[in-house]
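Please study the structure shown below and then work through the exercises on its pockets. Each exercise is followed by a solution in steps.

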Amino acid sequence: MASCPYHFSSFNIISTLKKPTLQPRTVITSSLSNFTSARCCMMTPSMAEVTSDFSYKKFIDFALQETTSYTDLSPSPLQEKYHCLVGMDGKAELQMLSFESPKIRLLRSLSIEGSDGLQVLDFAVFPRPEFDVPIFCANFFTTATMNIVVLDLNPLHDVISQQDYKDKYYKHLIPLGLKYAELLPWGGKITSESLKFFSPIVLWTKFSPDQHKHHALYSAFKDYLKSWLELMDQASEKADVPKIKCNLEAQHRYLTWRAEKDPGHQFLRRLVGERLAKEIIRSFLFNGVDDLGSKTFIDYFPEYKCDDGTVNRKRSMIGKSFDSRPWDATGEFIGNNSL
């Protein structure tokens, strides 16, 4: 594998609320071409064999090309700082991409390819707080024996208690969710803690490597992203300051939860070490957790506070776990309503 130095330049991130000066779409096309070329030249023959049948690269390619058909993307300031890293084992390669647009605060992707069939994709799109559009979220973890998948349009606001928000963004998408829930069945027990950040169309599944399942996952990724882009395209900018502040706090709450409790963090720490993992998590994957708001994890989730003031690290603290899909065919929640 050719060298891939981990480049952290001293860099002041611009305010995430500032709208970017747009660059022509040709900039993105060029960036995508460079990304593809770089991956090809840095991939060893063994890696190429592992990814020849299935690779998350095509997911990223599709996402960037499709998004540019809806909006002008420009590289995020994060791209200069976070782009490439080789794991401590000398085998796993991490590639990071980040962009922004007038309605998108951050579109970012972390892809990992390693030995023995290891592949990871963490892809998300965060709207600017002037828009209450859901957060697009795709978390895929693949080994030679197992695929673990979460794909969703994460609600910015509570879809259990706020019927108007659920109807606005999800009512017309229920058939889409049912279609792929059939192809990619519920993956087993999930805690109510995580569930409160999911929508009625969430795809949570596990499956052994299978060409048909991989095809279904790619199809679902494309359809879910297209649906999100249509929502974004139709969204009108809020001028009401209290509404914007409400959206901003909702996104900060989401980021605070993910930065603290996301189950993939332990894997990332093993891959690159505690210090770099923490920086990637807080500054790249969940960028905004340190500057979109001042509330702490305990402020949002006081039930996790230990007697000494620290955060309880347990995954399941409140509520129940769900072994089967807790929404019915109409998108109504049929689980424990006291989440």
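Predicted model: local features only at pLDDT ≥ 70, side-chain atom pairs only at ≥ 80, totals over all residues.

**Exercise 1.** Determine how much space lies in the largest pocket and which residues are closest to its centre.

*Solution.* Step 1: the space in the largest pocket amounts to about 910 Å³. Step 2: its lining is made up of 35 residues, and those closest to the centre are Asn139, Val150, Asp262, Pro263 and Gly264.

**Exercise 2.** State which elements give two or more residues to the lining of the largest pocket, and describe that lining by residue class.

*Solution.* Step 1: the strands concerned are strand 4 (104-113), strand 5 (119-127), strand 6 (135-142), strand 7 (147-154), strand 8 (190-191) and strand 9 (203-207). Step 2: the helices concerned are helix 9 (241-261) and helix 10 (265-272). Step 3: helix 10 provides the largest share, five residues. Step 4: by class, the lining contains 20 nonpolar, seven polar and eight charged residues.

**Exercise 3.** Describe the second largest pocket by its volume, its lining and the elements that contribute to that lining.

*Solution.* Step 1: the volume of the second largest pocket is about 510 Å³. Step 2: this pocket is lined by 23 residues, of which Ala259, Glu260, Lys261, Arg269 and Arg313 lie closest to its centre. Step 3: two or more lining residues come from each of helix 9, helix 10 and helix 11 (274-285). Step 4: helix 9 gives the largest share, five residues. Step 5: the lining divides into six nonpolar, six polar and 11 charged residues.

Definitions and conventions
Residues numbered from 1 in each chain as written. Heavy atoms only, no water. 1 Å grid on protein atoms, 1.4 Å probe; cavity = no way out; pocket = protein on both sides within 12 Å on 5 of 7 lines; lining within 4 Å. Points joined across faces, edges and corners; volume = space filled by probe spheres on them. Helix = DSSP H or I, 4+ residues; strand = E, 2+ residues; numbered from the N terminus. Nonpolar A, V, L, I, M, F, W, Y, C, P; charged D, E, K, R; others polar.
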